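Thanks, everyone. Let me put the model up and walk through a few features.

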Amino acid sequence: MRMPETTFLPKAILWDIEGIFVDTETLHFEAWQWLMEHEQVSPLDVQEYRPCIGRGSSENIQTIAEIRNIRGDLDNLRWLRRQKFEELRHCGIPVISENVRLLRDFVSTFPLVRHIAVSSATRSDIEENLKIAGINQFFELTVSYQDKQGMRRKPAPDMYRYALERARLDPRDCLAFEDTHSGVIAASNARIIVIALPTHLTEGQDFSVANFVVPAGGEKSASGILHALRKHAYEEK
């Protein structure tokens with residue numbers, strides 16, 4: 001874990017999108033529950049599902065199939081679950097208003113700080129999510145795993161490194177916000193200072209490599225978070 005300087009002000013903030021600005025994780029969970037019902041097995045509880053959050057669907061279908069002893073064509077089941085998720089998306093995506101306010105606070109309080117979106121979602125989902133949250137105008141760059149052939153999703157650091165390269169940024173000058181263990185690992189392995197903003201679904205994940213964790217319902221002002229980060233850095237010295 002790299003600690004920031006006590007006077008640290010980032011040149012750029014790299015934001016995850018799903019679970020930060022839009023609560024698509026709840027929709028993903030509902031889609032998995034629908035698949036459990038479809039397969040006539042017992043529903044997943046939050047503790048069982050929590051380790052899956054932030055991972056890819058190919059890995060998750062393997063894990064969940066083992067948990068519930070599901071047999072059959074897993075690729076087809078993964079496709080069915082994705083179709084259900086899309087159906088739920090079309091019914092409405094909840095916005096995480098407190099984090100939208102945090103972004104807007106950073107924009108107004110520190111207008112020279114650049115903002116970049118780094119998400120494991122598809123590019124079309126990223127663009128739709130930002131528009132739904134009403135914040136697409138604040139991002140100079142958005143990065144999806146689809147942007148470069150062979151780029152791995154989080155927890156690999158590929159997307160963060162790609163974003164830094166495209167924006168010509170030094171990771172030491174940046175700050176990342178993530179809501180999952182895999183996202184925190186990805187940002188940390190790219191040598192970016194990372195703050196965890198867990199949701200009700202991810203708050204039990206391991207955020208030990210994050211520089212700082214803001215619990216759900218905690219202080220979420222731009223100045224307050226930077227002050228807490230600096231204070232934490234000072235106490236670690």
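One definition to begin: contact means heavy atoms within 4.5 Å. This is a predicted model, with local features needing pLDDT of at least 70, side-chain atom pairs counting only at pLDDT 80 or more, and totals for chains, interfaces and linings using all residues. Residues are numbered from 1 along each chain as its sequence is written, and side-chain values use heavy atoms, with hydrogens and water left out.

Start with helix α8, residues 181-189. Helices are DSSP runs of H or I, at least four residues; strands are runs of E, at least two; both are numbered from the N terminus. The buried residues of α8 are S182, G183, V184, A186 and A187. Buried means under 20% relative accessible area, with a 1.4 Å probe and protein chains only. Those buried residues pack against α7 (158-167), β4 (174-178) and β5 (193-196). After α8 comes R191, with a positive phi near 70°.

Now the aromatics. Rings of Phe, Tyr and Trp (its six-membered ring) pair if their centres lie within 6.5 Å; planes under 30 degrees apart count as stacked, over 60 as edge-to-face and the rest as tilted. The structure holds seven aromatic pairs. W15 and F21 form a tilted one, 5.1 Å centre to centre, with 40° between the planes. Why does W15 count as buried? Because its relative accessibility is 0%. F21 is buried too, at 0%. F106 and F110 have ring centres 6.1 Å apart and planes at 40°, so that pair is tilted. F110 is buried, with a relative accessible area of 18%. Ring pairs link W15, F21, F106, F110, F139 and F177 into a cluster.

Technical notes:
Buried means under 20% relative accessible area, exposed over 50%, partly exposed in between (1.4 Å probe, protein chains only).
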